[in-house]
Structure formats: C-alpha cells, structure tokens
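Try each task before reading its solution.

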Amino acid sequence: NGCVPLNIWSKGLSDEALAFISYPAGAVATRITTEQKVLMATITGNTADWFEVSRDAGPIGAVLGFEKLSISSSIQTPDVIEQQLYYGFGAGPNSLTAEIDTSSVFSEVLIPLVSGKPFIDFMELEVGLRLSKHSNTGWDKTYKLALSYYPIEEVQIRVSSNKAIRSPSIDELFQERYFTFGFGVPDPCTMEGYFFAGVFADFETLGPECLATGMPEANLFTNEPGINDWGNVTGSSGGNAEIGPETAKTESFGVVWTPYFENDFSMSLDFYSVTIENYINNAPVGPWEILNLCYSSNIPNAPWEVPLGREQFNADSPACRSIHRLENGKIDFIHLGATNLGEHHLQGWDLNISYGFDFLSGYLDIKYFATKIIKRTIKDETFVLFNESCVGFFNGACLTILDDPVPAYKHRFNVSW
C-alpha cells in the first residue's frame with residue numbers, strides 16, 4: 001500500500017514517509033459553486049386614458065409579469081471526506097450536481113375605491129395572484145389581498161391577507177449526507193434484532209411487518225452476517241426528493257400615524273398572525289425511534305412508548321418510509337433528514353417609531369423598532385406527538401426543531417446625528 005517504515009534512528013521523517021501519512025493536497029477542501037439565473041419581464045399601466053373607478057379616486061393600476069428562476073449547484077468533495085477515510089468522526093457534504101427551476105406568471109392590481117368622502121379621505125384595494133410551476137413540486141398558486149383606508153390624511157388603517165409557498169431548496173431535495181451510527185441499532189427483522197425484542201414479540205406479529213417493509217421472506221430473521229448487522233446502520237441527514245413545499249398564510253392588521261404638525265414623525269403598530277404548514281426540517285427523532293415507531297406498534301408490552309395514534313402498523317407511515325432496505329433486506333440507510341412536518345403558528349405585534357429634527361448644526365434621527373411575540377407554537381404528529389409553546393424559552397423541546405430561542409420581546413433603538 002505504499003507504506004514507508006519509520007526509521008527511529010533518524011533525526012526526522014523522510015520525505016517519502018511524510019508523504020505516506022499526509023492527506024493528499026486539497027483532500028479536506030470542498031468546492032461549492034452555485035449559479036442563479038433570473039429572467040423577468042413585466043408590463044405596467046393604468047386606466048387613466050379610459051376610465052376611473054369613481055370621481056377623484058384615480059385610475060386602476062396593474063402589472064402583468066413573467067419570471068423564470070433557475071438555480072444550479074455543484075459540490076465537489078474529495079474521496080477522503082466523502083468516504084470518511086480518516087480517523088475520528090465527521091460528515092461532509094457529498095458531491096452533487098443538481099438544478100431546480102421555477103416558472104411563474106403574476107399580476108397585481110391596485111384599485112382606488114373612494115376618495116374625498118366624509119370619514120373616508122381615501123381607500124384602495126390591492127389584489128395579487130401568482131401561478132408557479134416548480135420543477136420538483138409542480139404547480140402552486142399564491143395570492144395577496146390588502147385594503148388601505150385613510151379616515152383622515154394623517155391616519156392609515158391597513159388590513160391584509162396572503163398565501164405564500166416556499167419550495168424546497170436544492171440541499172433539501174438532493175443533498176446526500178450519510179454517516180454511520182457508532183452504537184448498536186438493532187434491526188428487528190434480523191435474528192439479532194429479533195432476539196433483542198424477542199421477549200416482547202413473536203414471529204407471527206413481527207414477520208408480516210418486516211415483509212411489508214422490504215425484507216425478503218427468505219432472509220426474514222436471518223443470522224447471515226451481511227444482513228444481520230448490529231451497530232453499522234447508516235443514517236442520512238440530507239435531502240429528500242419526495243418532499244413538498246411549505247405553505248404559509250398570513251393575516252395582518254395595523255395603523256400608521258404620520259401627523260402633519262411634525263413632518264418627520266411617524267408611528268405604526270401592526271398585529272400579525274402566520275401559520276406555516278408542512279414546514280421542512282430534519283426528522284426530530286433518531287434511528288432507534290424510527291425503528292420502534294415502525295415496528296413496535298403491534299408488540300405487546302414493548303419496552304418503549306408507542307405514541308398515541310400509532311397503535312396499528314402501517315408500512316406507508318413516515319417512520320416505515322424512512323427505512324430503506326437493499327434487495328437482500330439489509331438496511332441500506334435510515335433517512336433522518338429533510339421531511340415535511342406539521343404546523344408552525346406565530347402571532348405578535350410590531351411597533352415602529354421614527355422621528356427626526358434639526359439639532360445644533362446637523363440632523364438628529366431617532367428610530368425605535370420592537371416586536372412582541374404572543375404566540376409561537378409547533379404542532380406535529382408525523383413521527384411522535386409534538387405540541388409545544390416556544391415563546392420565552394431558551395432551551396427545551398422546541399430547540400429540536402428551531403435553530404434559535406424565541407424571545408417574548410425584542411427591540412432595537414438607534415440614534416444618529
């Protein structure tokens with residue numbers, strides 16, 4: 001294998017010995033190239049030359065557009081990293097060449113409704129619609145409705161409702177990240193795994209479940225070393241080409257005050273409510289939980305807890321679909337990466353104050369922005385029952401899904417001169 005023995009009587013390593021124990025040049029460098037192309041065309045105009053909605057309210061404004069967005073990614077990872085040809089533990093991104101694209105047509109219309117009437121200085125309606133086709137997730141439509149009402153010139157009351165989507169990224173779809181669990185993860189469909197849970201199960205109960213999830217009958221509860229493998233199960237924390245888009249619905253209500261007696265003062269207060277469904281995240285469970293959730297549903301007196309609603313075996317359940325087997329039945333890998341989970345709900349208030357005035361020989365600008373979060377919950381039943389309130393907690397169950405704590409109140413105060 002090219003080994004150069006160490007000469008313990010020499011003053012140091014020879015160039016040949018040093019080259020043998022050193023990683024090749026560039027062996028620990030991963031090169032990532034991402035390219036984004038955007039083609040957009042819009043047509044704008046109004047009805048001023050044809051008609052107006054009502055006297056003094058103004059013409060209808062409209063925009064019609066087309067957008068083509070494509071993103072390509074190339075990841076080049078050396079074999080030393082990709083095949084883990086080193087001592088210690090670590091996981092780098094596998095090499096990847098992938099591309100996604102989205103084509104959209106969209107339109108927005110601004111309709112002035114009333115102007116110069118008692119208790120209605122001005123009122124307008126904004127309507128938007130977008131139809132998009134994603135290369136992986138297919139067609140989606142989103143919309144926006146917004147109403148602006150000025151009872152007097154200095155006060156604006158605004159209400160809006162919209163639906164948005166977020167299609168999965170290239171990493172969430174295609175990125176491969178594999179690693180080997182360094183501890184025992186028994187496959188209950190092999191002899192060793194069966195004996196681990198054998199006191200609680202029987203062949204009649206567990207056998208059909210194993211067959212339904214890809215274990216050939218000839219190898220069921222086998223003792224063959226290549227299949228009956230303890231502790232060398234591979235996990236995947238990477239992408240999943242079967243995931244769908246996230247869907248978000250947002251409602252908001254707010255008031256803006258810009259008094260004319262202070263030209264450089266404005267204040268706004270807005271309430272918002274956001275619900276995100278099918279959010280994309282890594283599975284909030286480990287390999288043991290995946291196997292237990294898939295196969296333990298019919299095992300009486302199992303030593304692990306079976307979540308409510310998982311009493312019946314289902315080969316199409318998210319847990320069972322996370323287990324990928326080879327043709328001989330050996331577990332190829334357990335997917336713990338990107339998947340569509342349950343629902344995020346966020347409610348809160350935003351306060352924004354801006355004030356500026358001449359001061360000494362310059363201009364003093366004061367800005368204050370604050371957010372008060374009154375609700376931040378996560379609900380999910382994909383793998384286990386998860387229903388947590390996350391506002392104001394630095395640590396806890398929410399951080400298995402969220403990257404950062406959720407403050408109940410945060411603000412920023414800036415003064416510049």
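**Exercise 1. A bridge and its handedness**

What is the torsion about the S-S bond of Cys-294 and Cys-320, and is the disulfide right-handed or left-handed?

*Solution.* Keep in mind that you are working with a predicted model.

- Step 1: Start with the bond itself. The sulfur atoms of Cys-294 and Cys-320 lie 2.1 Å apart, and a pair counts as a disulfide within 2.5 Å.
- Step 2: Turn to the angle. The torsion about the S-S bond of Cys-294 and Cys-320 is about 105°, so this disulfide is right-handed.
- Step 3: Cys-294 belongs to helix H6 (residues 287–295) and Cys-320 to helix H7 (residues 318–321), so the bridge ties together parts that are 26 residues apart in sequence.
- Step 4: Check the surroundings. Cys-294 and Cys-320 are both buried.

**Exercise 2. The other bridges**

Find how many disulfides the model has, and work out how the bonded cysteines pair up along the chain.

*Solution.* 

- Step 1: Count them. The model has three disulfides.
- Step 2: Take Cys-189 and Cys-210, whose sulfur atoms are 2.0 Å apart. This link is left-handed, with -90° about the S-S bond. Cys-189 sits in the loop between strand S7 (178–180) and helix H4 (191–197), while Cys-210 is in helix H5 (residues 203–212), so the link ties together parts that are 21 residues apart in sequence.
- Step 3: Look at accessibility. Cys-189 is buried at 0% relative accessibility, and Cys-210 is buried with a relative accessible area of 0%. The cut-off for buried is under 20%.
- Step 4: Take Cys-390 and Cys-398, joined with an S to S distance of 2.0 Å. Their torsion is about -85°, so this disulfide is left-handed. Both Cys-390 and Cys-398 are buried.
- Step 5: Write down the pattern. Counting bonded cysteines along the chain gives 1-2, 3-4, 5-6.

**Exercise 3. Rings around Phe-265**

Determine how the rings of Phe-265 and Tyr-355 are arranged, and which aromatic cluster includes them.

*Solution.* 

- Step 1: Recall what to compute. A pair of aromatic rings is described by the distance of the centres and the angle of the planes.
- Step 2: Trp-257 and Phe-265 are edge-to-face, at 5.7 Å centre to centre with 75° between the planes.
- Step 3: Compare the accessibility of these residues. Trp-257 is partly exposed, with a relative accessible area of 30%, whereas Phe-265 is buried at 18%.
- Step 4: Now take the pair in the task. The ring centres of Phe-265 and Tyr-355 are 5.8 Å apart and the planes stand at 70°, so this pair is edge-to-face too. It links distant parts of the chain, with Phe-265 in strand S10 (residues 265–277) and Tyr-355 in strand S15 (residues 343–359), 90 residues apart. Tyr-355 counts as partly exposed, at 25% relative accessibility.
- Step 5: Trp-257, Phe-261, Phe-265, Tyr-355, Phe-357, Phe-359 and Trp-417 form one aromatic cluster.

**Exercise 4. The whole chain**

Describe the overall make-up of the chain.

*Solution.* 

- Step 1: The secondary structure comes to seven helices and 18 strands.
- Step 2: Of the 417 residues, 36% count as buried.
- Step 3: Among contacts between residues at least 6 apart in sequence, 69% join residues at least 24 apart.
- Step 4: The chain exposes about 24300 Å², with carbon and sulfur atoms supplying 56% of it.

How values were computed:
Residues numbered from 1 in each chain as written. Predicted model: local features only at pLDDT ≥ 70, side-chain atom pairs only at ≥ 80, totals over all residues. Heavy atoms only, no water. Helix = DSSP H or I, 4+ residues; strand = E, 2+ residues; numbered from the N terminus. Buried < 20%, exposed > 50% of the residue type's maximum accessible area, 1.4 Å probe, protein only. Phe/Tyr/Trp six-rings, centres within 6.5 Å; stacked < 30°, edge-to-face > 60°. Contact = heavy atoms within 4.5 Å. Areas by Shrake-Rupley, 256 points an atom, 1.4 Å probe, with all protein chains shown as cover.
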